[in-house]
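Open the model in your viewer and keep the selection panel at hand. The stops below go from surface charge to aromatic rings.

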Amino acid sequence: MNLTTIMRNEMERVPLVTVITLTYNHGSYIAECLDSLVKQQTDFLFEVIVHDDASTDCTPDIIRKYHNEYPDIIRPVLQTENQYSRGVAIGQTFIYPRIRSRYVAYCEGDDYWTDPMKLQKQVDFLESHPEYSMCCTEVNWLIQKTGQMSDLHYYDKQELELKDFMLENYVSTLTVLARTEYVLDFNFNVLPGLPHFMMGDYPLWIYLAVKGKVRKFPEATAVYRELSGSMSHSRDKFKRIMFEISAYDIRYWFNRKYGIESPWRIWKRERRALRHLSRSLCPTRTESRKLYCKALWYCFKKRVLHKY
């Protein structure tokens, strides 16, 4: 076998898509997740990098089982010590340096895909539309505690622009397919200079909207599983407020960098959103006013006194 043949064979084994799966103590859900990934029907190679952050349940054993059954697809990264608690940047340290593919997709260990053609459809679109930096789809929402499933269809626009992302995060992470070059550029060159935000993926979507067009397909291809304890669905009222404020922190940061719109328009929307959220979280007008005032004071301290 000559050198040219060896190099051609190596190139043919490089996947076109890398799916990133983060997991921790997802023993009850990880098999359903990995099943949905390995059953993708494609005419190209893809891989799944599964990072387990030292789970204390059966999650690592299930990952090893899938790796043994699908060694060409499942690439496990199994930690023996929890890296998140040590403050380690998991993506930049353990995942993104391993990526060789042209595209990146995501599915956390407690979520799963429902369309076996998801990757094929999205790759076909991005391959034929180089002006797009990413595409995504609608998603279904499963409340694990009650078993209730709902269609999270809340935005009819399919061509998402940068100004749309300044209004709301319209992207569900587990439905995304993005160009690797932009994802790596963000994680290694942009993210280190960002403040700490509670919404980890939202800044990436805005950055991708800066780099190219974004298409959102109307059909649902995945299920997001809502578990108790997440920040965005916390029972702690002020944690919910802080999560909303963090979304606006992201918008302010990108607006300062790219001059997208007047900061006063963002502030006006933020006040309206915080007022609405305070009313929805509190049973009485007095309580909602107190929570709203507390939120405004938090914003003032963070952005004016501390010059965030």
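The tour starts with a charged patch and then turns to ring pairs.

This is a predicted model: local features need pLDDT of at least 70, side-chain atom pairs count only at pLDDT 80 or more, and totals for chains, interfaces and linings use all residues. Residues are numbered from 1 along each chain as its sequence is written, and side-chain values use heavy atoms, with hydrogens and water left out.

**Positive patch.** Select Lys 268, Arg 272, Arg 275, Arg 279, Arg 285 and Arg 289: they form a positive surface patch (residues with over 30% relative accessible area and no salt bridge, like charges joined within 9 Å; a salt bridge puts a Lys or Arg side-chain nitrogen within 4 Å of an Asp or Glu carboxyl oxygen). Now colour α10 (263-281) and α11 (285-305); each supplies at least two patch residues. Helices here are DSSP runs (H or I, at least four residues). The largest share, four residues, comes from α10. Zoom in on Arg 285, in helix α11. Arg 285 is exposed because its relative accessibility is 65% (exposed means over 50%, buried under 20%, with a 1.4 Å probe and protein chains only).

**Aromatic pairs.** The whole structure holds ten (ring centres within 6.5 Å; planes under 30 degrees apart are stacked, over 60 edge-to-face, the rest tilted). Select Phe 186 and Tyr 207: a tilted pair, 5.6 Å centre to centre, with 40° between the planes. Phe 186 sits in helix α7 (residues 180-190) and Tyr 207 in helix α8 (residues 202-211), 21 residues apart. Phe 186 is buried at 2% relative accessible area; Tyr 207 is buried at 4%.

Next, pick Phe 238 and Tyr 298. Their centres are 5.6 Å apart and their planes at 90°, so the pair is edge-to-face. Phe 238 lies in helix α9 (residues 237-258) and Tyr 298 in helix α11, so the pair ties together parts 60 residues apart in sequence.

Last stop: Phe 125, Tyr 132 and Phe 217, linked into a cluster by ring pairs.

Conventions
Patch = residues over 30% accessible without salt bridge, like charges linked within 9 Å, V, L, I, M, F, W, Y side chains within 5 Å. Areas by Shrake-Rupley, 256 points an atom, 1.4 Å probe, with all protein chains shown as cover. Lys, Arg positive; Asp, Glu negative; His and termini not counted. Charge placed at Lys NZ, Arg CZ, Asp CG, Glu CD. Phe/Tyr/Trp six-rings, centres within 6.5 Å; stacked < 30°, edge-to-face > 60°.
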